[in-house]
Every structure is written in C-alpha cells, then in structure tokens.
Amino acid sequence: MRRKDREITDIDKIETIIASARYMHLGMFDGEFPYIVPLHYGYQMEKGSKIYIVWA
C-alpha cells in the first residue's frame, strides 16, 4: 500500500465495500501507458478469502 493513511484494515469495512460494488477497476501499466480494465467479480469471505474475477 503506497498511502498508509488511506489503507483499510478493518475486515468488516472491507467486506462492506466489496459487497456494495457491482464491478471493480483494475489499473495496470503496459510499459508505456497506464490503463484501467473494468471487471465483474465474485468473492468468498471466510478463512482463506478469495476473489473471483471475470474478464469480459
């Protein structure tokens, strides 16, 4: 995390954010230009939490 002042560590708050969003934006850099890809996802919140990403 680059900005520790914006880091969210409370697991309940993280789950609330994940549950309320319909899609996520994944930011990447290809060596010359940055770009953002919108993605649909599913998640499972328990021990060994997982996020499943659908590249559409």
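Strands E2 and E3 run antiparallel to each other and are joined by five bridges. Two strands count as paired if DSSP finds at least two bridges between them, and strands themselves (E) are DSSP runs of at least two residues, numbered from the N terminus. Keep in mind that this is a predicted model, so local features need pLDDT of at least 70, side-chain atom pairs count only at pLDDT 80 or more, and totals for chains, interfaces and linings use all residues. Residues are numbered from 1 along each chain as its sequence is written, and side-chain values use heavy atoms, with hydrogens and water left out.

- As a bit of background, strands of a sheet pair through backbone hydrogen bonds, either parallel or antiparallel.

- Tyr43 sits opposite Ile51 in E3.
- Gln44 has Lys50 of E3 across from it.
- The two strands make a hairpin with five residues between them, and Gly48 in that turn has a positive phi of about 75°.

**E1 with E2**

- This pair is antiparallel too, with six bridges.
- How many of the six residues of E1 are buried? The number is zero, so E1 lies largely in the open. Here, buried means under 20% relative accessible area, exposed means over 50%, and partly exposed is in between (1.4 Å probe, protein chains only).
- Over in E2 you'll find Pro34, which is exposed at 62% relative accessibility.

**A nonpolar patch on the surface**

- Tyr43, Ile51 and Ile53 form a nonpolar surface patch, with about 270 Å² of accessible area together.
- Patches are made of residues with over 30% relative accessible area and no salt bridge; nonpolar side chains (Val, Leu, Ile, Met, Phe, Trp, Tyr) are joined within 5 Å, and like charges within 9 Å.
- Accessible areas come from the Shrake-Rupley method with a 1.4 Å probe, and for residues only the protein chains shown count as cover.
- Tyr43 belongs to strand E2 (residues 34-44), and at a relative accessible area of 31% this tyrosine is partly exposed.

**Salt bridges**

- Searching the whole structure turns up two salt bridges. The term means a side-chain nitrogen of Lys or Arg within 4 Å of a carboxyl oxygen of Asp or Glu.
- One links the side chains of Arg3 and Asp5, at 2.7 Å from N to O. Arg3 is partly exposed at 39% relative accessibility, while Asp5 is exposed at 59%.
- Another joins Glu7 to Lys4, with the closest N and O atoms 3.6 Å apart. Glu7 is partly exposed at 35%, and Lys4 is exposed at 59%.
- Arg3 and Pro34 are 31 residues apart in sequence and 19 Å apart in space, C-alpha to C-alpha.

- The chain averages a pLDDT of 85, and 96% of the residues score at least 70. pLDDT is the predictor's confidence in each residue, from 0 to 100.
- Which strand has the lowest confidence, and which the highest? Confidence is lowest in E3 (residues 50-54), at a mean of 78, and highest in E1 (residues 24-29), at 90.
- Where pLDDT is low, the predicted coordinates should not be read in detail.

Note on methods. Helix = DSSP H or I, 4+ residues; strand = E, 2+ residues; numbered from the N terminus.
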